[in-house]
Amino acid sequence: MPEPILQLLLIPLVKIVVLLVVVLLIVAYLTYAERKILGYMQVRLGPNRVGPKGWLQPVADGLKLLVKEDLVPGGAEKLVFIIAPAIVMVPALVMFAVIPFGEPFEVAGMTITPYLADINIALLFILGVSSVGVFGIMLGGWSSNNKFSLMGGLRSAAQMVSYEIPMGFAIISAVLMAGTLSMVGIVEAQRTAGWWFVFPGILGFGIYWICGIAETNRNPFDLPEAEAELVAGFHTEYSGMKFALFYLAEYANMMIVSAMAVVMFLGGWLPPFPNLLAGLWASPALAWIPGVIWFLAKMSFFLFCYIWFRGTFPRYRFDQLMAVGWKWLLPLSLANVMLVGLGVLLLKG
Amino acid sequence: MEHYVPILVYALVAISFPIIALLMAKVVRAGSPDPVKAEPYECGVKTNTVAFDTRFSIRYYLIAVLFVIFDVETIFLFPWAVSFDRLALFGFIEMMVFLAILLVGYVYAWRRGALEWA
């Protein structure tokens, strides 16, 4: 087969298929892991009936949601109601295009990169695409003709835009240290620096992680779907496949937030202290571990934290949520940008 | 530019995913429509107003305006952060001046009660 066709057509197509399958598989089993871990945290067993130890539970859930009756409330804005879940789902998937899962490797004389594209504005791309998801949530809440949905959608939008600002500042502190917006470039900068950016940027990392949880509307910031007051928030009226899309998007967004934390602050596919312990990582006992494993291990840790927080923390009140975002995280993240800027200036300049 | 072609193709695949999923569901799902089922959920109480008419707090609007102000600022910071190595001290001082001006606006908004929720 001629080289260009292979390089430009076949390999990207294979990567797209692998990426989609892996992402959807992880999302499906993340829901299983969540129920299982929450179960054990509350001294229950969690799902354990479908398949051995409940392993087939996600399949059963998917099938159930597929054949469920699909209700559209009377008086709803029907077209918007149907499009809204898709507007939430598509950006959640598209963001994975620029996540670098590992370092390039050689197969049959060709260099394969375990990411779809390495663009020099990857972080801006992710920030931009992720903002589109807010529209879906707002439109879904508004079009349902249901007061709970409307309030849930409004709260969700207010929460997401509030926490996007400190999150942006926290990301800027990582960009300051790396000097590039490319995801691969940020990981390489951490290799050059010899340490993960979490050590010099611990404050930025903390702010990013808190905002990441708030952006995905998870505990303790799950105000939009606070079931005690708003039933299910913006997706109260959704059922069947449309509900499944909202659900999948939430977990895909959790993966994105975790993956971004890994890339920006925890060295992406690099092992801990890539330079200091270089001898250790090159030893035959450990050298076989591919970067993808490191990446997925770190990402799983963050995903576990998500579930752990849900099992541990009580929910904020809405005014507290806004106060934390605007009065604490915003000035803190601004100060963090100044501090990191000063540090980079003193160390490099 | 060739980096963006795979992203475009991937985006098209991603867009087709919910469409295919919804169409598939349309073919296989159960359906027995009933006017009672189509009522908006309100704890079993019969709804007598349209949700679109519901009044909600003006604070949401204020939050959105504040967001626009600060988000534009974030966009200014990104190019500065990328070229920080080249701008060095001059760029740092200039950005600190910019942030200080913004901080004044932030304190003003706080003092005027724009950040209070209640």
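How many cavities of 30 Å³ or more does the count come to? The count comes to 2. A cavity here is a set of points, on a 1 Å grid over the protein atoms alone, where a 1.4 Å probe fits but cannot get out. Rolling a probe the size of a water molecule over the atoms shows where empty space is left.

This is a predicted model, in which local features need pLDDT of at least 70 and side-chain atom pairs count only at pLDDT 80 or more, while totals for chains, interfaces and linings use all residues. Residues are numbered from 1 along each chain as its sequence is written, chains are lettered from A and ligands numbered from 1 in the order in which they are written, and side-chain values use heavy atoms, with hydrogens and water left out.

The largest cavity holds about 370 Å³ of space, a volume being the space filled by probe spheres set on grid points that are joined across faces, edges and corners. It is lined by 27 residues, and the closest to its centre are A:Ser130, A:Met160, A:Glu215, A:Thr216 and A:Asn253. A lining residue has an atom within 4 Å of a point. In chain A, helices H3 (78–94), H4 (122–143), H5 (147–178), H7 (202–215) and H9 (240–265) give two or more residues each to this lining. Helices are DSSP runs (H or I, at least four residues), numbered from the N terminus. H9(A) supplies the largest share, 7 residues. By class, the lining has 17 nonpolar, 6 polar and 4 charged residues; Ala, Val, Leu, Ile, Met, Phe, Trp, Tyr, Cys and Pro count as nonpolar, Asp, Glu, Lys and Arg as charged, and the others, Gly among them, as polar.

The second largest cavity has about 50 Å³ of space. Residues of chains A and B line it, including A:Met322, A:Trp326, B:Arg59 and B:Trp117. H2(B) gives the most to this lining, with 3 residues. The lining divides into 7 nonpolar, no polar and 2 charged residues.

Next comes the surface. A nonpolar patch there includes A:Leu9, A:Val14 and B:Val5, and its residues have about 640 Å² of accessible area together. Patch residues have over 30% relative accessible area and no salt bridge, and nonpolar side chains are joined within 5 Å. H1(A) provides the largest share of the patch, 6 residues. A:Val14 lies in helix H1 of chain A. A:Val14 counts as partly exposed because its relative accessibility is 48%, between the limits for buried (under 20%) and exposed (over 50%).

Key: Patches are made of residues with over 30% relative accessible area and no salt bridge: like charges are joined within 9 Å, nonpolar side chains (Val, Leu, Ile, Met, Phe, Trp, Tyr) within 5 Å. Accessible areas come from the Shrake-Rupley method with a 1.4 Å probe; for residues, only the protein chains shown count as cover. A salt bridge is a side-chain nitrogen of Lys or Arg within 4 Å of a carboxyl oxygen of Asp or Glu. Buried means under 20% relative accessible area, exposed over 50%, partly exposed in between (1.4 Å probe, protein chains only). On a 1 Å grid over the protein atoms alone, a cavity is a set of points where a 1.4 Å probe fits but cannot get out, and a pocket is an open set with protein on both sides within 12 Å along at least five of seven lines; lining residues have an atom within 4 Å of a point.
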